[in-house]
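Have the sequence and the 3D view open while you go through the points.

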Amino acid sequence: MSCYKGKYHDELIANAAYIGTPGKGILAADESTGTIGKRLSSINVENVESNRRALRELLFCTPGALQYLSGVILFEETLYQKTAAGKPFVDVMKEAGVLPGIKVDKGTVELAGTNGETTTQGLDGLAQRCQKYYEAGARFAKWRAVLKISPTEPSQLAINENANGLARYAIICQENGLVPIVEPEILVDGPHDINKCADVSERVLAACYKALNDHHVLLEGTLLKPNMVTPGSESKKVAPEVVAEYTVRTLQRTMPPAVPAVVFLSGGQSEEEATLNLNAMNKFQGKKPWTLTFSFGRALQQSTLKAWQGKEENVDKAQAAFLKRCKANSEATLGVYKGDAGEGEGVSESLHVKDYKY
Amino acid sequence: MASATILRTSFLPKRSEWFAANSHQSTSHLQPTSVAFTVHAGAYSDELIKTAKSVASPGRGILAMDESNATCGKRLASIGLENTEANRQAYRTLLVSVPGLGQYISGAILFEETLYQSTIDGKKMVDVLKEQNIMPGIKVDKGLVPLAGSNNESWCQGLDGLASRCAAYYEQGARFAKWRTVVSIPNGPSALAVKEAAWGLARYASIAQDNGLVPIVEPEILLDGEHGIERTFEVALKVWAEVFFYMAENNVMFEGILLKPSMVTPGAECKERATPEQVSEYTLKLLQRRIPPAVPGIMFLSGGQSEVEATLNLNAMNQGANPWHVSFSYARALQNTCLKTWGGRPENVKAAQETLLVRAKANSLAQLGKYTGEGESEEAKKGMFVKGYTY
């Protein structure tokens with residue numbers, strides 16, 4: 001068999017294409033309980049279910065925001081949660097034409113014999129979990145593999161292991177009706193320059209697509225969630241036009257046109273930086289037979305969190321901040337963002353955390 | 001008299017020049033054994049990109065005229081001519097001198113003998129081509145031999161001394177190269193044969209780029225067999241995944257290569273035939289799933305299709321926009337009627353040249369998606385499949 005042709009074939013292709021609709025992108029709201037706890041504690045809010053629910057309701061129910069989103073990635077707990085008025089979040093999304101997605105990996109573990117390189121867990125029982133999530137309304141999934149750059153990394157072992165894990169996850173998802181987002185994140189940590197990031201990204205993406213092809217994954221029914229190609233966090237920054245050129249070139253060299261869209265991760269960039277880079281990519285003149293859009297977590301929520309502070313009376317302010325970022329990124333996918341969402345607390349704040357454990 | 005197979009050292013670049021051009025390469029071996037990440041830029045990067053773009057220009061394709069002496073002999077024999085250098089020279093003179101050929105042909109692949117030959121009027125073949133705005137290319141592989149440990153399959157030789165041969169060919173005026181390996185569906189293909197074909201192509205491509213030649217990457221999936229179009233599709237997907245992965249591992253710069261795939265069709269002996277639309281659908285799907293947009297041009301081989309069939313299929317593939325130039329690199333499908341019209345007679349040269357121009361123009365239109373098939377001759381519609389064809 002050349003690739004997946006089962007009962008979900010047409011649906012996978014349609015959903016993947018829909019997520020790449022120009023003007024729309026993904027809100028990554030799938031922080032695990034532990035990670036969301038870090039966000040909440042940064043604004044002095046207790047990490048209990050009701051607060052986690054309240055934050056997500058604030059986001060999903062922001063008036064006018066959902067029109068800029070084609071999908072939202074959820075953590076398992078959130079998939080089954082409801083608004084305060086009792087409406088399931090998945091219904092809120094469906095009514096607004098937003099596809100619910102679900103994080104299905106079970107975090108990273110270290111690879112023995114390496115210098116702290118990791119592989120991602122989650123394949124055991126994945127088929128059954130995907131079926132369950134599909135029944136609950138999810139239509140796409142996400143699995144994050146992590147690699148890092150140093151003079152000796154990523155090692156061939158780390159590349160092979162992570163690429164293979166992504167491919168296995170991807171085909172299992174497709175067999176169970178979920179569009180797999182393939183996420184091989186190469187961390188921005190390090191003093192390396194943009195050329196090094198480009199070389200490593202090309203090497204990693206070549207390995208990923210080789211693995212996806214070997215595992216008979218239907219490319220038209222997948223999405224890619226890569227890092228943008230940038231200098232390392234300890235290296236001098238470059239202009240958005242440079243990020244755009246290097247990133248598009250990397251994708252031109254590795255991504256077959258059959259893949260409908262790229263949904264970039266923000267990986268520690270500030271909200272504004274991520275938007276400006278995405279905008280530059282969509283203005284860049286060159287062969288781009290796939291949509292270039294966003295799948296941002298921190299880069300969509302940072303100023304919203306800061307405005308909310310966990311207080312009911314701040315909800316309007318917080319929602320206004322969220323709407324602003326959604327609209328800005330929507331414009332960036334069309335290459336028409338004018339930089340007018342650049343004001344506001346937290347918008348230009350770097351969100352980089354060294355050796356970030358998600 | 002030119003002796004085609006012996007490398008003449010007087011044509012090699014001076015040692016000092018060669019090292020000067022390649023000095024950036026010699027220091028790369030001094031990098032720490034931890035990972036040497038190569039930046040794709042080499043001495044010829046810009047030129048390679050320019051050459052590839054020129055060959056992949058709209059409305060143009062490649063004339064493959066690199067038949068080895070033995071194969072050219074078969075062509076000459078088919079019109080009752082002896083396989084002598086003079087006859088090969090006469091025939092190639094006819095081809096490169098077609099007036100206005102450069103309007104439809106962007107590159108011509110030559111055999112080594114022809115690269116160093118002159119026309120019967122004493123002008124260098126490469127100079128005639130250059131004046132026609134046609135890039136000279138050169139076949140650099142050394143043919144197929146049996147692959148030990150496989151299921152009676154072949155592998156392609158030619159890596160030994162390839163670097164210096166490429167450098168010499170560049171000196172002589174060649175700007176692109178071609179290496180043809182084959183994959184046989186009735187014989188499997190075995191994983192070993194596919195891997196070997198892909199790895200050989202990747203090594204060749206890397207070496208060619210290092211020496212200024214744009215590599216045409218040609219893993220021909222032979223037409224022989226009773227298999228249907230789905231099976232061809234499956235094998236093609238596998239082959240191209242391997243080819244691109246190994247090229248990436250060999251740090252080949254994709255903006256400076258060209259591809260020469262076979263179209264996705266049923267096997268020659270398959271009872272179910274496919275329409276141009278079906279061939280187009282499967283072939284485009286293959287390209288979309290396997291070819292990164294950085295590759296500037298995809299020049300299809302005809303592999304035994306009739307002249308008209310090859311043109312119709314190409315036309316079907318160009319009915320919509322593609323992220324790469326989708327064109328032709330035809331030998332038999334361009335030369336067949338021309339050869340027969342010539343018949344070895346000087347008085348037929350002009351008429352023969354006109355028929356070549358007709359085919360070149362038809363394929364040019366097909367590249368633009370505008371071919372209508374009006375006025376095609378019966379000769380042009382004849383299939384040219386030869387079972388077990390050895391090139």
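**A strand with both faces covered**

From strand β3(A), A:L99, A:G101 and A:K103 point one way while A:P100 and A:I102 point the other way, and all of them are buried. Buried here means under 20% relative accessible area, with exposed being over 50% and partly exposed in between (1.4 Å probe, protein chains only). Keep in mind that this is a predicted model: local features need pLDDT of at least 70, side-chain atom pairs count only at pLDDT 80 or more, and totals for chains, interfaces and linings use all residues. Residues are numbered from 1 along each chain as its sequence is written, chains are lettered from A and ligands numbered from 1 in the order in which they are written, and side-chain values use heavy atoms, leaving out hydrogens and water.

**More on β3(A)**

- The strand covers residues 99-103 of chain A, and five of its five residues are buried.
- Strands (E, at least two residues) and helices (H or I, at least four) are DSSP runs, numbered from the N terminus.
- β3(A) pairs in the parallel sense with β2 (residues 69-74) of chain A over four bridges; two strands pair if DSSP finds at least two bridges between them.
- Opposite A:I102 in β3(A) stands A:L74.
- β3(A) also runs parallel to β6 (residues 140-147) of chain A, joined by three bridges, and A:K103 has A:K142 in β6(A) as its bridge partner.

**Chain B overall**

- Chain B has 14 helices and ten strands, and 59% of its 391 residues count as buried.
- Its average pLDDT is 89, and 88% of the residues score at least 70; pLDDT is the predictor's confidence in each residue, from 0 to 100.
- Over residues 1-39 of chain B, though, the pLDDT is below 50.
- The model as a whole scores ipTM 0.85 and pTM 0.87.

**A helix under cover in chain B**

- Helix α11 (residues 307-317) of chain B is largely enclosed by the rest of the structure, because nine of its eleven residues are buried.
- Among those buried residues are B:E307, B:A310 and B:M317.
- B:S302 lies in the loop between β9 (297-300) and α11 of chain B, and at 7% relative accessibility B:S302 counts as buried.
- Leaving aside neighbours within four places in sequence, B:S302 is in contact (heavy atoms within 4.5 Å) with B:A310, B:S329, B:Y330, B:A331 and B:A333.

**Rings and charges**

- There are 13 aromatic pairs over all chains.
- Rings of Phe, Tyr and Trp (its six-membered ring) pair if their centres lie within 6.5 Å; planes under 30 degrees apart count as stacked, over 60 as edge-to-face and the rest as tilted.
- B:F233 and B:Y282 make an edge-to-face pair, 5.3 Å centre to centre with 85° between the planes.
- B:F233 lies in helix α9 (residues 229-249) of chain B and B:Y282 in helix α10 (residues 276-290) of chain B, so the pair ties together parts that are 49 residues apart in sequence.
- B:F233 is buried at 4% relative accessible area, and B:Y282 is buried at 19%.
- B:W240 and B:F244 form a tilted pair, 6.0 Å centre to centre with 35° between the planes.
- The charged end of A:R139 sits over the ring of A:Y134, 3.7 Å from its centre; this takes NZ of Lys or CZ of Arg within 6 Å of the ring centre and within 35 degrees of the ring normal.
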